[in-house]
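Me: I would like to go through a single model with you, one question at a time, with the cut-offs stated as we go.

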Amino acid sequence: MVAAKKTKKTHESINNRLALVMKSGKYTLGYKTVLKTIRNSKGKLILIANNCPPLRKSEIEYYAMLAKTGVHHYNGSESQFNLFPLSISSVFYNF
């Protein structure tokens, strides 16, 4: 029971922080732009939805590991992002 409450709180806090990022405008959407931001070491966090194709997911995780960028796997599909219409996004904002 406690674990379910904790995951709900973390899910809500991630959504609240994403809303702040959307207001600030410091984000990119899409596979190609995320790869560019990783290569340029500009991104702080990479968000990946559950329905992202496995090959793309592993490639982005590999590039993020090389660039020492954080990766967060969002527990939901791209339609549940509510803020992002794509399955991959890069955030420039420091949480």
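Me: Does Ala64 count as buried or exposed, and at what relative accessibility?
Reply: This is a predicted model, in which local features need pLDDT of at least 70 and side-chain atom pairs count only at pLDDT 80 or more, while totals for chains, interfaces and linings use all residues. Residues are numbered from 1 along each chain as its sequence is written, and side-chain values use heavy atoms, with hydrogens and water left out. Buried means under 20% relative accessible area, exposed over 50%, and partly exposed in between (1.4 Å probe, protein chains only). Ala64 therefore counts as buried, at 1%.

Me: How far from Lys57 is the nearest side chain of opposite charge?
Reply: Lys57, placed in helix H3, touches Ile48, Ala49, Asn50, Cys52 and His73, not counting residues up to four places away in sequence. Lys and Arg count as positive and Asp and Glu as negative, with His and the chain ends not counted, and a salt bridge is a side-chain nitrogen of Lys or Arg within 4 Å of a carboxyl oxygen of Asp or Glu. Lys57 is buried yet has no salt bridge, and the nearest side chain of opposite charge, Glu61, is away by 6.0 Å.

Me: Which residues gather in a patch of positive charge on the surface?
Reply: Patches are made of residues with over 30% relative accessible area and no salt bridge, like charges being joined within 9 Å and nonpolar side chains (Val, Leu, Ile, Met, Phe, Trp, Tyr) within 5 Å; the place of a charge is taken as NZ of Lys, CZ of Arg, CG of Asp or CD of Glu. Helix H2 (residues 31–39) gives the largest share of the positive patch, three residues, whereas Arg56 is found in helix H3 (residues 54–67) and is partly exposed at 39%. The patch consists of Lys32, Lys36, Arg39 and Arg56.

Me: What is the area of the nonpolar surface patch made by Tyr62, Met65 and Leu66?
Reply: Leu66 lies in helix H3 and is exposed, with a relative accessible area of 51%. Accessible areas come from the Shrake-Rupley method with a 1.4 Å probe, and for residues only the protein chains shown count as cover. For the nonpolar patch of Tyr62, Met65 and Leu66 the area is about 340 Å².

Me: Where is Lys68, which has a positive phi although it is not a glycine?
Reply: Most residues other than glycine have a negative phi. Ser41, in the loop between H2 and strand E2 (45–49), has a positive phi of about 55°, and Lys68 likewise has a positive phi of about 55°. Lys68 counts as exposed at 78% relative accessibility, and its place is in the loop between H3 and strand E3 (70–74).

Key:
Helices (H or I, at least four residues) and strands (E, at least two) are DSSP runs, numbered from the N terminus. Contact means heavy atoms within 4.5 Å.
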